[in-house]
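I opened this notebook to keep track of what I looked up, one topic to an entry. The sequence and the structure come first, and my notes follow.

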Amino acid sequence: MRDRRHPDKIIAFVLAGGEGKRLNPLSAERCKPAVPFGARYRIVDFVLSNLINSGINSVYLLVQYKSQELIEHIRKAWVISPLLPSQFVTVVPPEMHKETLQFKGTADAVYQGLRLIESHQPDIVAVFGADHIYRMDINQMVLFHREHQADVTVAALPIPIEQASSFGIIGTDADGRICEFQEKPSAPKPMPSDPGRAYASMGNYLFNTEVLIEALREAHRLGETDFGRHVLPRLMASQRLYAYDFSTNEIPGIKPYEEVGYWRDVGTIDAYFGAHRDVMGENPRFDAFNPQWPIFSSNYQGPVARILGGEIENSLFGAACVIHKNTRIHNCMVRRETVIEEGAELEDCIIMDYVRIGRNARLRHVIIDRHNTIEPNTQLGYDREADNEKYVVSPGGIVVVPMGKINSFARDSRGRGPGYAE
Ligand SMILES: Nc1ncnc2c1ncn2[C@@H]1O[C@H](COP(=O)(O)OP(=O)(O)O[C@H]2O[C@H](CO)[C@@H](O)[C@H](O)[C@H]2O)[C@@H](O)[C@H]1O
């Protein structure tokens, strides 16, 4: 729909079909955008909040791989209003035509949504990834797109050259017009101004509608399926492609201690764990609390956390947690409806929802996925060999306990839910 802040009619496709293999086992049962993040979010909430905060309210979420948990999250958390039919976040599964039982790639996923584009007749189509932790005012990118009379604008930022072969790498002229685009090059070119960094695509694009429709039809004719590998390099020759420098994006309400232009690809367990460090502490690099640019998530109606005692330092607790006496909890992210029993010691841990940590358990550098019960006296994170036998241990030494069997909440050995002591 048209927003008073930008005269263009814009619809968005959010690419949420990624498998996220390197996040295993967190992505074993769910796609990467559905992976929980922080004390109450899912990864997908960041891009959706950016779109809604930017007044882009017509959003199609393209799903594919293990999408049930994502669909449930969208159903519960992202209902805008039945009174405003042009404002929606709608999940779109693959169309299941006979030759396309799934989306073959990012461009193919949007190609299958061509009818949606044609029915809305927008001026601009925003195609955004769903895999990153960041805040972005997309209006500023739209303004740049218009000012440069671009056909396509790609959001971009400098990244360390050592990581550059995992990204689309861009070369531009002085005005920002893209003259080179290489998807995941084995020998990435550094930026002319900085040999230690390369200019990377964030996987977020704005397209003038006619250009996108034509490009997707052409890609389909040629059997090409991916924006980064096929569509953008081909369009570069015939259309005006510009790179929008994300470091110029200004967000209201950012605190002085926050990292300007914070953006993280949480594609591996170690990167995911590291990004959690960034949202914690007295002066977080990325402060989740910003009333001027909120990150929206579930409308959970349970009570607040109950802390009955313990030595607690630099930790965040989700709703309806119960933390018993004589616990020691340092640098931990604890999500909702989790119970930590007496005597348990946790250091540098991410404990997801519906988990019970038994008495005197000791956990260090551990991620516990949802619906798990950790037996009393368990030790994790102290003996790498023993941990390796049972669990995935990341190169950075993080032990990951995969999702447990789903129950309605973490019950103790007598079947009692949160709030009960042994
Ligand atoms: N078949 C499918 N259907 C629906 N959604 C799908 C999909 N396959 C992937 N996705 C989603 O699309 C986005 C892009 O994922 P990809 O795996 O295609 O590319 P990658 O992230 O490696 O590179 C991309 O993003 C990086 C930035 O992270 C850029 O540098 C690079 O140029 C760009 O190709 C993710 O949000 C993912 O969840």
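Which residues does serine 297 touch, not counting residues up to four places away in sequence? I found Arg40, Tyr41, Arg42, Asp45, His73 and Ala77, where contact means heavy atoms within 4.5 Å.

**Ground rules**

I noted that this is a predicted model, in which local features need pLDDT of at least 70 and side-chain atom pairs count only at pLDDT 80 or more, while totals for chains, interfaces and linings use all residues. Residues are numbered from 1 along each chain as its sequence is written, and side-chain values use heavy atoms, with hydrogens and water left out.

**Serine 297**

I placed serine 297 in the loop between helix H8 (269-278) and strand S15 (306-307); helices (H or I, at least four residues) and strands (E, at least two) are DSSP runs, numbered from the N terminus. Serine 297 counts as buried because its relative accessibility is 5%, and the classes I use are buried for under 20% relative accessible area, exposed for over 50%, and partly exposed in between (1.4 Å probe, protein chains only).

**Two domains**

I next looked up how the chain is divided, and found domain 1 (10-265) and domain 2 (306-401), with bounds that come from an automatic or database domain assignment. The C-alpha centres of the two domains lie 34 Å apart, and twelve residues of domain 1 are in contact with ten residues of domain 2. Between them the domains bury about 840 Å², 61% of it on carbon and sulfur atoms, buried area being the accessible area (1.4 Å probe) that two parts lose on being put together, summed over both. Pro25, Leu26 and Ala39 supply 52% of the area that domain 1 buries against domain 2, more than any other three residues.

I also counted four residue pairs in polar contact between domain 1 and domain 2, both residues at pLDDT 80 or more. On the side of domain 1 that touches domain 2, the elements giving two or more residues are strand S3 (36-37) and strand S4 (41-42). By class, that side has six nonpolar, two polar and four charged residues; Ala, Val, Leu, Ile, Met, Phe, Trp, Tyr, Cys and Pro count as nonpolar, Asp, Glu, Lys and Arg as charged, and the others, Gly among them, as polar.

**Salt bridges**

How many salt bridges are there between domain 1 and domain 2? I found one, taking a salt bridge as a side-chain nitrogen of Lys or Arg within 4 Å of a carboxyl oxygen of Asp or Glu. The side chains of aspartate 369 and arginine 30 meet in a salt bridge at 2.9 Å, N to O. By this rule the overall count comes to 28 salt bridges.

Glutamate 72 and arginine 75 form another, at 3.0 Å. Because they are three residues apart in helix H2 (residues 68-77), the two are separated by about one helical turn. An α-helix has 3.6 residues a turn, so residues three or four places apart point the same way.

Arginine 135 and glutamate 258 meet at 3.9 Å; the pair links distant parts of the chain, 123 residues apart, with arginine 135 in the loop between strand S8 (132-134) and H5, and glutamate 258 in the loop between strand S13 (241-245) and strand S14 (263-265). Both arginine 135 and glutamate 258 are buried.

Arginine 264 and glutamate 259 form a salt bridge with closest N and O atoms 3.1 Å apart. Salt bridges that share partners join Arg30, Arg42, Glu69 and Asp369 into one network.

**Helix H5**

I listed the buried residues of helix H5 (residues 138-147) as Ile138, Asn139, Met141, Val142, Phe144 and His145. At the start of H5, a side-chain oxygen of aspartate 137 reaches to within 3.0 Å of the backbone nitrogen of asparagine 139. Glutamine 149, which follows H5, has a positive phi, near 45°.

Methods:
A polar contact is a pair of N or O atoms within 3.5 Å; within protein, one must be able to donate a hydrogen and the other to accept it, and residues adjacent in sequence count only if both atoms are side-chain atoms.
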